[in-house]
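Please look at the sequence and the structure below, and keep them at hand while reading.

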Amino acid sequence: MDTRKLATFIDLAQTCNYSRTAENIFSTQATVSKYIMALEKDWGVTLFTRDHRTVTLTKAGAAILPDVKTLIQAEQRLLQTIDQQINQTDPTLVIKGIPTISRYQAFQLIFQFNQQHPEINLKFSEAETNQLMASLDDGRADIVFTRLFEKPQAEYAVLGEERDYFVALMARDNPLAQQTALTVQDLAHEPFLLLDGATNVLAPVMQTLEQAGVAPQIVYEGRRVDLILEMLNQKMGVSIMMNHSFDLAGYENVVAVPIHPKQYSQLAFIKRQANQSESVRLFWQFIQEN
C-alpha cells in the first residue's frame, strides 16, 4: 500500500482543503485529488464529500482514519528499526537536495561533514524538489535539503537559517531592467517563462501573481533553469526565480531585478523526528555547530 496516499488522506482530513494539503505535502492539488480518488477506488468507499470548495470527511472516512494513522505510525517505527539495524553494521547517511543546492552554504557543509566523519558512508544526490519530502517519508532519504515557504508539520525537524527571495529576470534592454526594484504589477504585460511545479516554486509565484491581480501569459513552463536563461538571453520574456537559484555567467544579456515587497523562502535541512540513527544525530549536531 502506498503510504504517501495514506499520509495525504490523513492531512486532508485535518485541513479539509486541497490547496493547503498540497502545500503541506509539497505537491499539487491535482496530485492530492489523484491520491484520494485512488484510495476511494481501491477501498470502494467515499472518503470525502466535495461541495464546491468545501471538503468534508464522510462517515466511512472518519471510521477508517484511526486505522490509517496506526498504519503510518507502524511504518515509521518499522523504518526506524530498519535504519537502526543497518547503522549497526554499516553507518550510512542518505542526503538528497534541490538541484540548485550547490549555490547554497549547505553544499559545502555536507562535504565538510564527510571529511570530518569518513567512517560514515555518505550518499548524496539531487532530486526534484517535489520528490524530496516523499523520499523522507518512504525511507529513501535520511535528510533532505529543500526550500520552504511554510513551516512543515510537527513530525519533521527543520534546521537552517539561510533565506532567499524572488527576483525578476529579463533581457538587459527591457525598459523594466533599468529600475532598481519592481513590483509584480510592473510585469503584468510581459510574457512569462516559469519553472514548473516540480521545482516547488511555481505555486508561490502563481499565488503572488494572483494576489497582485496579474493573469500571466505563460509562454514556457519547465524545470531547466539554463533553458529559461537562454530564452531570456534571446529576449523572449521575463521570469521570476529565487535570487540564488541561478548563475548569469554566460548570459550577459540577462539581468535580475529585486521584486518588492520581498517574498522570502527558507533553505533548510529536514529530517523525520522519528529518525534517531547515529549518523543522522552526528550530522544534525555538525550543522547546529557550524
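## A buried charge in a loop

Leaving aside neighbours within four places in sequence, E128 is in contact with P99, A198 and R223, where contact means heavy atoms within 4.5 Å. E128 is placed in the loop between strand 4 and helix 6 (129-137); helices (H or I, at least four residues) and strands (E, at least two) are DSSP runs, numbered from the N terminus.

E128 is buried and yet has no salt bridge, since R223, the nearest side chain of opposite charge, is 4.1 Å away. Here buried means under 20% relative accessible area, exposed over 50%, and partly exposed in between, with a 1.4 Å probe and protein chains only. A salt bridge needs a side-chain nitrogen of Lys or Arg within 4 Å of a carboxyl oxygen of Asp or Glu. As for charge, Lys and Arg count as positive and Asp and Glu as negative, while His and the chain ends are not counted.

## How the model is read

This is a predicted model, in which local features need pLDDT of at least 70 and side-chain atom pairs count only at pLDDT 80 or more, whereas totals for chains, interfaces and linings use all residues. Residues are numbered from 1 along each chain as its sequence is written, and side-chain values use heavy atoms, with hydrogens and water left out.

## Strands 3 and 4

Strand 3 (residues 92-97) and strand 4 (residues 121-126) run parallel and are joined by six bridges; two strands pair if DSSP finds at least two bridges between them. The chain passes from strand 3 through helix 5 (residues 105-116) to strand 4 in a right-handed β-α-β crossover, which means that, with the strands pointing away from the viewer, the path from the first strand over the helix to the second runs clockwise. Within this pairing, I95 has F124 in strand 4 as its bridge partner.

## The nonpolar cores

A nonpolar core is a set of buried Ala, Val, Leu, Ile, Met, Phe, Trp, Tyr and Cys residues joined through side-chain atoms within 4.5 Å. The largest one has 56 residues, and those with the most contacts inside it are L93, M170, L187, F269 and F283. Not counting residues up to four places away in sequence, L93 touches a set of residues including F113, L122, I143, V280 and F283. Apart from this core lies another, of 16 residues, with I10, A13, I36 and V68 among them. In soluble globular proteins, nonpolar side chains tend to be buried together.

## Salt bridges

How many salt bridges does a search of the whole structure find? The search finds eight. One of them joins E40 to R50, with the closest N and O atoms 3.3 Å apart, and this pair links distant parts of the chain, as E40 is in helix 3 (residues 29-43) and R50 in strand 1 (residues 48-51). E40 is buried at 13% relative accessible area, while R50 is partly exposed at 41%.

D164 forms a salt bridge with R147, the closest N and O atoms being 3.8 Å apart; D164 belongs to strand 6 (residues 156-171) and R147 to strand 5 (residues 143-148), 17 residues apart. D164 is buried, with a relative accessible area of 0%, and R147 is buried at 4%.

## Backbone details

The peptide bond from H260 to P261 is cis, with omega near -5°, and P261 lies in the loop between strand 10 (254-258) and strand 11 (264-272). C16 is not a glycine, although its phi is positive, at about 55°.
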